[in-house]
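Dear colleague,

Please find the structure below, together with its sequence. A summary of the findings follows it.

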Amino acid sequence: AVPGFFGLAGGLLFFCAMAELLSTRDLDPARRERDREDHDERGAMIRAMARARAGDVLLWLLLFGAACAGLAALVCIVFHNVGHLFKKWFPNRYVCIAAGGAAVVVLTLLLGTRDYNGAGTQVIERAMAGEASYAAFFIKLVMTAITIGVGYKGGEIVPVLFIGSTFGAAYGGLFGLGASFAAGLGMVSVFCGVTNSPLTSLLLAYELFGGDSLALFALPVTV
């Protein structure tokens, strides 16, 4: 019971911190306008779903939830194994760290962008506006796994939000979902799968996207 209590408390603390961080978007008029447009898109999506057959809506959301669950499992596997591979190839701790850092630098130079370095909040914002490349989620997954796996300090949660939102924005159309709406669904669903915290995920969805579409977020989260 005690570990469960601390897990719930930690999840709630993270939820409060992320809500406070993302709420700073309200200080920028341009971001407020984009948020209003995103809200209108989510509202249109909800109305369209209301006119569609309930069975079709349920099926698409469950399939999208299954895709996010698979992605969450892939995130956990890659995060766990990449570090072990580097440490196997480079037994010396300092050589391992240097090799991992060099790999990230080379990848960054090859990509020609620093979007995948750091937290990547600007990429999350673009994903929430419906803009994301098809490879963005996988590139971030690999670079984060290398960085953390070889020994550099950093969190895993914001990269997971990056991975989920860009996956949803890029592939939500395959499930009949709008890119912006799918980015929100993907962000919350992959976060839930990686952290195994459905309650915190629903609270995060409610804080960021309001209660109008909370039931639609709950379906992928349950998967």
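This is a predicted model: local features need pLDDT of at least 70, side-chain atom pairs count only at pLDDT 80 or more; totals for chains, interfaces and linings use all residues.

Residues are numbered from 1 along each chain as its sequence is written, and side-chain values use heavy atoms, with hydrogens and water left out.

Rings of Phe, Tyr and Trp (its six-membered ring) pair if their centres lie within 6.5 Å, with planes under 30 degrees apart counted as stacked, over 60 as edge-to-face and the rest as tilted. By this rule there are 12 aromatic pairs. Phe137 and Tyr171 are edge-to-face, because their planes stand at 85 degrees, with the ring centres 6.0 Å apart. This pair joins helix H6 (residues 136-149), which holds Phe137, to helix H7 (residues 157-171), which holds Tyr171; the two residues are 34 residues apart. Helices are DSSP runs (H or I) of at least four residues, numbered from the N terminus. Phe137 has 12% relative accessibility and therefore counts as buried (under 20% relative accessible area, with a 1.4 Å probe and protein chains only).

Phe64, Tyr134, Phe137, Phe138, Phe167, Tyr171 and Phe175 make up one aromatic cluster.

In the helix pair, Val123, Ile124, Ala127 and Met128 of H5 meet Val158, Leu161, Phe162, Ser165, Thr166 and Ala169 of H7, where contact means heavy atoms within 4.5 Å.

With kind regards

Note on methods:
Buried means under 20% relative accessible area, exposed over 50%, partly exposed in between (1.4 Å probe, protein chains only).
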